[in-house]
Amino acid sequence: MKEYLANHQFRALANSDFLSAIGSVLFNLVFLIYAQTLPFKTLALSLVSIINLLPTLFLILNGYWADHTDPRRRFKLVVGLRVVQGLLYVGLAFLIRQPGTLLTFGLLLAINFSSDLIANFTSGLLLHYEKTFIKQDAYASAMGFSSGIRNVISMVFQAFGASLILILHNNFALFGLINAISFVLAGVVLWHDRHAFTQADSDEHAKKVQAPAAPAENVKTGIFRAFALLYEEKPIFAMVFLAMGVNTLGTSMDGLTSVLLANTKALWLGTFGTTVAAVNIVGALSITLAALFMHDGLQHVPLAALTGITMGSLVVFAINMVWWQQPAVMLASMIVASYPIGKINPRLQGMIMGKIDDQHLAATSSVIDTASLVGAPLGTVIFLGIANLSSPQTAWIVFGGYAALMVIAATLCAIKWPDTEAVAAEA
């Protein structure tokens, strides 16, 4: 919060991000509701899930392009692409009013996919402004604040959108226009502070001109260099592998929890639906609070150790789901498991900002994001597969065993690579 109030440029970046997030959260929920109304709803919902994942395949390439964009063109690109996203959703608002044929739905998916690609590229461009305007020792707190507010936006506007779409009698086009307006306003907020951003671009260009000429990099060379830089920074490299393990467990938790709760009334808080909602809400709130309050003492704890706390809590969660079956333990262990997660990503981003050069900044960040997501589909297939082929209890036992192994791995990483630079910066 302190950085948001004191740093005018960061405030502009954050406000722009929040505005685009509001429109996206509203529309993504409504788009699922729209897909559910189509005659081919099973196919439609499946296609939405697939299309939402596809942009992650281009994260690294988008990061490379963002890093190699001429600084003199960067700000105009950021603002211009926000306007392009707005125009895309104006077109979507028109299309979504047409009969719900497979062709129409395909075009809607294409617009959504294009907007997500643009958003990823724009995020890479904005990373360079974050590095310029946010001091290294304040970066984790600033990103924690942004992450926390985005989580609040997600929770509030999902609930708001679910109610509003009913009040407006499924007026899907209106939500397309709201999303369009949010993107345009996000660009306007940045344009208001254009002098500071364009001056930063000019300064960066001048530094590049004065610096010794760097060897030219094609796409392949640039991406491989990003991987090499990541490997050289052992604390960050270790965290990437731990993040893959966390995602392998985390993405399967919702499904596993629902499957076991459906057949275990001892864990219910009144009803099945109330219980599932309670688990999701306490987890989300815990992550949000952790992100908003970065200076709570845990800033001195190595990232790998924070991962170990999360994994240890998931071991307790799994044991409770199979043997103890106490609702209070279920909620408490979810809170403790979720809290460190809200701190890990902002801290990790801060380490990247301090150690990676501008030419590979967005590409390296994209490599980390991509690697972290690799475990997600794998975990879902493995654990839900065990639940269906054997039993939910067996799946939770395997889940707990995997989490215990992750505790050991995280402990070893914390001992070997305590990321002392990040800890010192946060102290």
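User: Before that, what should I know about the source and the numbering?

Analyst: This is a predicted model, in which local features need pLDDT of at least 70 and side-chain atom pairs count only at pLDDT 80 or more, while totals for chains, interfaces and linings use all residues. Residues are numbered from 1 along each chain as its sequence is written, and side-chain values use heavy atoms, with hydrogens and water left out.

User: How many helices and strands are in the chain?

Analyst: The chain has 18 helices and 0 strands. Helices (H or I, at least four residues) and strands (E, at least two) are DSSP runs, numbered from the N terminus. The radius of gyration is 22 Å, close to the 22 Å that the globule rule gives for 427 residues, so the chain is as compact as a globular protein of that length. That radius is taken over C-alpha atoms, and the rule is 2.2 Å times the number of residues to the power 0.38.

User: What does the C-alpha trace span along its principal axes?

Analyst: The span is about 65 × 60 × 40 Å.

User: And how much of the chain is buried?

Analyst: Of the 427 residues, 48% count as buried. Buried means under 20% relative accessible area, exposed over 50%, and partly exposed in between (1.4 Å probe, protein chains only).

User: What share of the contacts comes from residues 24 or more positions apart?

Analyst: Such pairs account for 84% of the contacts with a separation of 6 or more, where contact means heavy atoms within 4.5 Å.

User: What does Trp396 touch?

Analyst: Not counting residues up to four places away in sequence, Trp396 touches Met253, Leu256, Thr257, Leu260, Phe317, Ala318, Met321 and Val322.

User: Thr307 next: is it buried or exposed?

Analyst: Thr307 counts as buried because its relative accessibility is 1%. Thr307 lies in helix H13 (residues 303-324). Leaving aside neighbours within four places in sequence, Thr307 is in contact with Met239, Leu242, Val246, Ile344 and Ala410.

User: Where is Gly63, and what does Gly63 touch?

Analyst: Gly63 is in helix H4 (residues 59-67) and is buried, at 1% relative accessibility. Beyond residues up to four places away in sequence, Gly63 touches Ala362, Ala363 and Ser366. Gly63 and Val367 are 304 residues apart in sequence and 8.4 Å apart in space, C-alpha to C-alpha.

User: A change of topic: where is His169 found?

Analyst: His169 is in the loop between helix H7 (136-167) and helix H8 (172-192). His169 is not a glycine, although its phi is positive, at about 55°. At 70% relative accessibility, His169 counts as exposed.

User: What about Asn170 in that loop?

Analyst: Asn170 is found in the loop between H7 and H8, and its phi is near 55°, a positive value in a residue other than glycine. Asn170 counts as partly exposed, since its relative accessibility is 33%.
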